[in-house]
Amino acid sequence: HCLETGRDYCIVALYGHAEIVHLEGIKFLHWSRIGAAGKIIDILKGEEVRDLVMVGPVKRPSLIAAMPDIRGLKFLLRAGRQAFGGDNSILSAIAGELEAEGFRVVGIDSLLEDILTPPGVLTRATPTDDVENLISVGLQEARKLGAQDIGQAVVIEGTNILAREDRRGTNNLIRRAGGLALFKRNLILIKAKKPRQDRRVDLPTIGLETVKLAAEN
């Protein structure tokens, strides 16, 4: 988007998370480990960055694997419980820390407006009234789960909540549900934004792999 619109940019890619295949030939690229908060902030300020956009999946590391630097340790102390809560808690805390440094955290959908799924049915199959009622049951359960900052998705079989998403993610949920299902028919995956989810830093996503797994399971 920045290249197409002529907007200045720089990228800070995280070792072990960013995929090199997406970054080949990109200028103004810096690499950092996830725990080097001081280095990352110094890079951003050195490049005179004002707006920040977080993109791509990040696997949550253990505290030991992250090896936080002094700046990172100070953040953990300030964040307290938030730093060890669910994904929304930790990402919101990180966004707050970056804003305190003078940056503006921008949601990816404010730049790529066509990235959001349009409302309505996207397939040839349209849910019947009975299926919509089942979806409503699952949606309520997904929102309860999201309120606990544990996950965003559930799989239902009829009115039975077959499996709930945990920190292992949506794809793991689908695999588990496929193994638990009695008939492997009429399974419905429901994924929804958490009630207090910060969309700027954690936009709910269903990708191609998720669709393939749902079809296979």
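Me: Which residues of helix α7 are buried?
Reply: In α7, residues 170–180, the buried ones are Thr170, Asn171, Asn172, Leu173, Ile174, Ala177 and Gly178. Buried means under 20% relative accessible area, exposed over 50%, and partly exposed in between (1.4 Å probe, protein chains only). Helices (H or I, at least four residues) and strands (E, at least two) are DSSP runs numbered from the N terminus. This is a predicted model, in which local features need pLDDT of at least 70 and side-chain atom pairs pLDDT 80 or more, while totals for chains, interfaces and linings use all residues. Residues are numbered from 1 along each chain as its sequence is written, and side-chain values use heavy atoms, without hydrogens and water.

Me: What do those α7 residues pack against?
Reply: They pack against β5 (153–157), β6 (160–164), β7 and α8, where contact means heavy atoms within 4.5 Å.

Me: New topic: how many residues are in the largest nonpolar core?
Reply: The core has 12 residues, including Cys10, Leu14, Ile40, Phe103 and Val201. Such a core joins buried Ala, Val, Leu, Ile, Met, Phe, Trp, Tyr and Cys residues through side-chain atoms within 4.5 Å.

Me: Which elements give two or more residues to this core?
Reply: Those are α2 (37–46) and α5 (87–100), and α2 gives the most, with three residues.

Me: What does Phe103 touch?
Reply: Leaving aside residues up to four places away in sequence, Phe103 touches Ile41, Leu44, Lys45, Val49, Arg50, Leu52 and Leu98.

Me: And Ser32, buried or exposed?
Reply: Ser32 is buried, at 0% relative accessible area. Ser32 belongs to strand β2 (residues 29–32). Among the residues that Ser32 touches, not counting those up to four places away in sequence, are Leu14 and Ile40, which are both listed in the core.
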